[in-house]
Amino acid sequence: MSKLDSNALVYVCEQTGLQAIRVQNVVNLLKNEDCTVPFIARYRKEVTGDMDEVQIRSIEEKYDEFLEIEKRRSFVLEAINKLEQLTPELEKKIKSAKTLLVIEDLYAPYKTKRKTKGMTAKEAGLEALAKILLATDFPIEQILAVAQAKFLNPDKKITTAQEAIEGACDIITEMMAHDSEIKEKLRNIYTNDAVLKSTKRKDSEQIKEFEKFRDYFEFEQKLSELKNPKATHRFLAMRRGMTLKILKVDVVYDLDKAINLILNKYLKSGSKIQNIIEECSKSAYSKYIHPSLDLEFKTELKKIADDSAINVFGINLRHLLLQPYLGAKCVLGADPGVRTGVKLAVVDDTGKFIIDTVVYPHPPHNQEQASAQIIDAIIDKFQIEYVAIGNGTYGRETLAFMEKLVPAIRDGKTRATLVNEDGASIYSASDIAREEFPDKDPTVRGAISIARRFQDPLAELVKIDPKSIGVGQYQHDVNQSKLKKSLTNVVESCVNYVGVDLNTASAPLLSYISGIGPSVAKNIVNHREKHGMFRLRSELLKIGRFSQKIFEQSAGFLRIYNGENALDQTFIHPERYCVLENWCSQNSVKVSELLTDSNIQNKLEKDNKFKEEVGEYTYKDIIKSLRAPGQDPRTEFKSTDFRKDVSSIEDLKIGEWYPGVVNNITQFGAFVDIGVKESGLLHVSHMSEHFVDDPFKELKVGEQVKVKIIDIDYPRKRISLSRKVDSEVTYAKNDHPNRKTSGKGKNLPGQNDQLKNKAFAGLKDLLK
């Protein structure tokens with residue numbers, strides 16, 4: 001067991017505000033006992049004080065952050081010491097520095113780099129002259145005379161007094177530029193007062209994406225405001241415009257104020273060479289300090305914006321993965337196509353693929369009756385309760401066709417519904433899909449995925465790169481390694497929160513279980529295929545590479561239904577079986593009765609000795625698991641019935657209400673699927689009758705809502721929505737000839753233009 005860094009523990013406590021003993025316990029579990037975050041959160045509540053996964057991950061992040069700072073601090077001290085320039089004062093400053101930025105400021109003058117003018121001047125012996133310039137109140141004529149008499153050095157190309165003065169100024173400029181005190185003061189001032197300004201670059205009109213960034217052609221905002229999570233998407237938009245060479249983006253601060261701050265330290269009172277020192281300060285600020293701070297603050301804004309975007313993605317992904325599920329029912333999946341037909345695939349109640357075929361109800365084939373008969377026969381043969389139709393191209397038309405012509409669906413025996421198919425095409429072309437169905441066309445794999453996704457979104461979506469699911473902003477612009485780590489953590493958290501059926505779970509799903517990983521997951525599936533279904537959790541230890549440690553970390557999340565031990569179907573960890581078996585023995589009851597007899601459950605719940613033995617938090621979890629042993633924490637599926645009179649944007653009527661499903665949420669609003677190809681924007685200002693500060697507290701991905709159309713921009717296919725009863729509506733842009741308005745509203749042209757344009761600015765680009 002390695003010793004924990006006590007200073008790091010103190011740092012974590014300061015950064016998180018969490019109790020010291022709890023922090024120490026968590027770090028010990030993570031670093032010394034190799035425990036996973038989901039395992040700690042669920043099965044080590046007694047030592048963490050019931051911390052959630054967010055708190056545990058925060059502790060891990062801050063502990064590692066401190067170690068990185070100390071690693072860099074040690075490197076800098078050693079590097080400067082090797083140069084034989086580490087003075088006691090400098091060492092003290094480096095050791096007391098609290099952030100990496102300050103450490104880097106102190107290290108900057110000593111970094112290995114190309115020879116500067118200041119270095120050359122020092123080699124020419126002009127450092128003493130630089131000190132004279134800073135300390136004297138003599139006029140320039142006397143200083144020139146001193147330079148002429150004492151500081152000429154022809155061997156170093158210093159042949160005139162003027163050249164000597166210029167060399168001394170180079171030394172002063174670099175001295176100012178590397179003054180960590182000055183830089184830190186300016187850093188603090190920038191934080192509160194500087195602005196980020198974006199302007200249109202010359203000749204950028206020729207670039208394809210030019211119009212998407214119109215809102216930022218003359219834009220500026222305080223850095224402090226852009227750090228707000230609700231505004232960080234603006235920086236990402238500006239940064240993308242900068243990358244595309246459409247925008248010029250700069251940090252801006254008052255030049256005179258910055259120069260005066262430097263002069264306050266370096267200009268001697270009564271100096272007769274103020275203009276020379278001013279020029280040095282201007283050069284130091286303009287050439288070194290400001291460019292460094294400009295880059296530093298852009299980097300900081302990028303990090304904050306990345307964290308905000310990744311957090312948004314994580315929240316949406318979690319809600320998507322944990323959305324209501326259909327469960328163990330036979331499903332017919334349909335991947336709509338026009339010329340190539342509608343691909344159909346049947347999966348049984350365990351998600352196992354049964355058959356596939358293709359029908360051609362749409363132009364140019366128009367085989368509606370034959371297609372309807374085939375679908376109806378499939379429904380009858382496999383007793384299908386639901387048909388899941390991908391919501392992409394021709395999805396709405398396929399649903400309308402089935403509701404009109406397929407008898408079982410038309411008569412209400414079977415329900416047909418649209419399913420979000422984002423990422424299905426990614427899965428169908430993936431290695432996982434090829435391994436599962438090597439002899440099937442990608443479109444058939446897509447239909448299978450749609451059916452399975454409808455049965456159990458979590459089990460199917462884990463096979464897709466989370467970045468491809470379509471519930472985030474700027475996912476291609478943010479730090480990719482950090483995004484991958486965060487989304488992997490979200491998927492891992494969701495899978496372990498729900499748990500999996502050990503006898504039906506796929507290898508990709510099992511790989512996210514605490515402690516397992518891809519290779520062990522494959523070993524589990526291979527063992528299951530070779531030896532049949534698991535009857536006991538303990539049988540996992542017979543699998544190659546499945547160690548006792550892996551068993552400890554994973555067993556509680558792996559459920560076995562109808563096995564030999566009734567407790568194996570619960571979230572109760574095997575390490576607690578012994579205490580429960582002893583209790584049952586002492587009370588003359590069977591272990592299986594713990595799950596079925598409420599009187600026995602009540603007796604256990606009132607047993608204070610048992611509570612003391614396992615701990616309060618574990619006791620509560622055990623009682624909860626016994627009362628609902630096989631319960632899935634997700635809610636059951638309820639289908640969304642879109643309006644039957646709508647299949648395209650042209651069918652929408654301004655002022656009318658429509659049922660929909662939230663399919664993405666951003667800081668400025670939510671995107672809602674109302675049964676047409678284009679999702680509508682429910683801006684945060686129209687999200688509720690009351691003021692909404694945080695859209696993520698108001699709605700979640702997958703939630704069903706009723707929304708009113710308040711504006712339509714037909715050329716750009718933009719739909720503006722509201723949940724407010726008395727929200728005003730406006731005429732649509734370039735009215736569609738068949739458009740109708742109804743309901744309350746003032747019909748004021750352009751009423752919502754400013755709001756709408758802000759929200760929709762660069763929308764397609766933003767959501768990539």
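Two strands pair if DSSP finds at least two bridges between them. In this predicted model, 3 strands form an open sheet in the order β2-β1-β3, with antiparallel pairing. The points below describe this sheet, a pair of packed helices and the surroundings of one arginine.

**The sheet**
- β2 (218-222) and β3 (247-252) stand at the edges with a single partner strand each, so one side of each is left without a neighbour in the sheet.
- On average, neighbouring strands of this sheet are turned by 15 degrees against each other, direction ignored.
- Strand β1 (residues 195-200) and β2 run antiparallel and are joined by 5 bridges.
- Ser198 has Phe219, in β2, as its bridge partner.
- Helix α16 (residues 274-321) packs on the sheet, where it touches β1 and β3; the direction of α16 makes about 110 degrees with that of β3.

**The helix pair α7 and α12**
- Helix α7 (residues 100-107) packs with helix α12 (residues 180-193) at an angle of about 145 degrees, and their axes are 9 Å apart.
- The crossing of α7 past α12 is right-handed.
- On the α7 side, the contact is made by Leu101, Val102, Asp105 and Leu106, while α12 contributes Ser180, Lys183, Glu184 and Arg187.
- By class, this contact of α7 with α12 has 3 nonpolar, 1 polar and 4 charged residues.

- Arg634 is found in the loop between α31 (616-627) and β11 (657-666).
- Arg634 has a relative accessible area of 7% and therefore counts as buried, a term that means under 20%.
- The side chains of Arg634 and Asp456 are joined by a polar contact of 2.7 Å.
- Leaving aside neighbours within four places in sequence, Arg634 is in contact with residues including Leu321, Tyr325, Pro457 and Val498.

Note on methods: Residues numbered from 1 in each chain as written. Predicted model: local features only at pLDDT ≥ 70, side-chain atom pairs only at ≥ 80, totals over all residues. Heavy atoms only, no water. Helix = DSSP H or I, 4+ residues; strand = E, 2+ residues; numbered from the N terminus. Buried < 20%, exposed > 50% of the residue type's maximum accessible area, 1.4 Å probe, protein only. Polar contact = N/O pair within 3.5 Å; in protein donor to acceptor, adjacent residues only side chain to side chain. Contact = heavy atoms within 4.5 Å. Axes fitted to C-alpha atoms, helices over the stretch in contact; angles between N-to-C directions. Left-handed = near helix turned anticlockwise from the far one by under 90°. Nonpolar A, V, L, I, M, F, W, Y, C, P; charged D, E, K, R; others polar.
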